[in-house]
Amino acid sequence: MSRPGTPTRAMPVRTGTLAVRGDIGRPGTLTVADLRERWEQHESAVVFDCATNGPQHHTFSGPLLREVAGDALPAFDARRRKDRSRFVLAVTGGDGHHTVLAWAEIDADFGDAPILLATRLDGRELDAVGSQLVVPSDRCGARYISAIRSIWIGACRVPAES
């Protein structure tokens, strides 16, 4: 099993595609078109503060992250809440920006956050540039990751106390 910071053999990822990997039963690569065609599309009108450009007003549409991640078959027992709550998702963009989310943020039994993997931004399809992570509840735009290249899903492993 790989960890987010562990060096691995580079996987070639085409523009507009994202690799889903980690502690999952169904790793693979998805295009923006896959995200649009395989999952229900949700729309979210958001306002967030950008450190360089000030307040941003946009409308995004795309599938819920929890649905896409769930279809990757994370290696936890879905019936056990505590097993699910130890999983994290690390999202990396084409420009090197990345963020980490707790599975509990997106899980319907916990935070139930409607986080999107956007396929459209203000009505424009994102096929050429890649999907964008959209966290509607965030006031700051730091977790709005553009041109997603990978999503790593896995258990948070805390070292044993010595």
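## Terms and model

Two strands pair if DSSP finds at least two bridges between them. Strands (E, at least two residues) and helices (H or I, at least four) are DSSP runs, numbered from the N terminus.

This is a predicted model, in which local features need pLDDT of at least 70, side-chain atom pairs count only at pLDDT 80 or more, and totals for chains, interfaces and linings use all residues. Residues are numbered from 1 along each chain as its sequence is written, and side-chain values use heavy atoms, with hydrogens and water left out.

S61 stands opposite R120 in β8.

## The five-strand sheet

Another open sheet runs β2-β1-β11-β5-β6, and its pairing is mixed. Its edges are β2 (28-31) and β6 (98-102); each has a single partner strand, so one side of each lacks a neighbour in the sheet. On average, neighbouring strands of this sheet are turned by 20° against each other, direction ignored. The angles are taken between axes (lines fitted to C-alpha atoms, for helices over the stretch in contact; N-to-C directions, 0 to 180 degrees).

Strands β1 (residues 17-22) and β11 (residues 148-155) run parallel and are joined by four bridges. A19 has S150 in β11 as its bridge partner.

## The largest pocket

The largest pocket holds about 370 Å³ of space. A pocket is an open set of points on a 1 Å grid over the protein atoms alone, where a 1.4 Å probe fits, with protein on both sides within 12 Å along at least five of seven lines; lining residues have an atom within 4 Å of a point. The volume is the space filled by probe spheres set on the points, which are joined across faces, edges and corners.

This pocket is lined by 19 residues, and F48, C50, G141, Y144 and S146 are the closest to its centre. β3 (42-50) and β4 (54-62) each give two or more residues to the lining.

## Two positive phi angles

L73 is not a glycine, yet its phi is positive, about 60°. L73 sits in the loop between α2 (65-71) and α3 (81-84). Its relative accessible area is 41%, so L73 is partly exposed (buried is under 20%, exposed over 50%, partly exposed in between; 1.4 Å probe, protein chains only).

D122 also has a positive phi, about 50°, without being a glycine. D122 lies in the loop between β8 (120-121) and β9 (124-125). D122 is partly exposed, at 35% relative accessibility.
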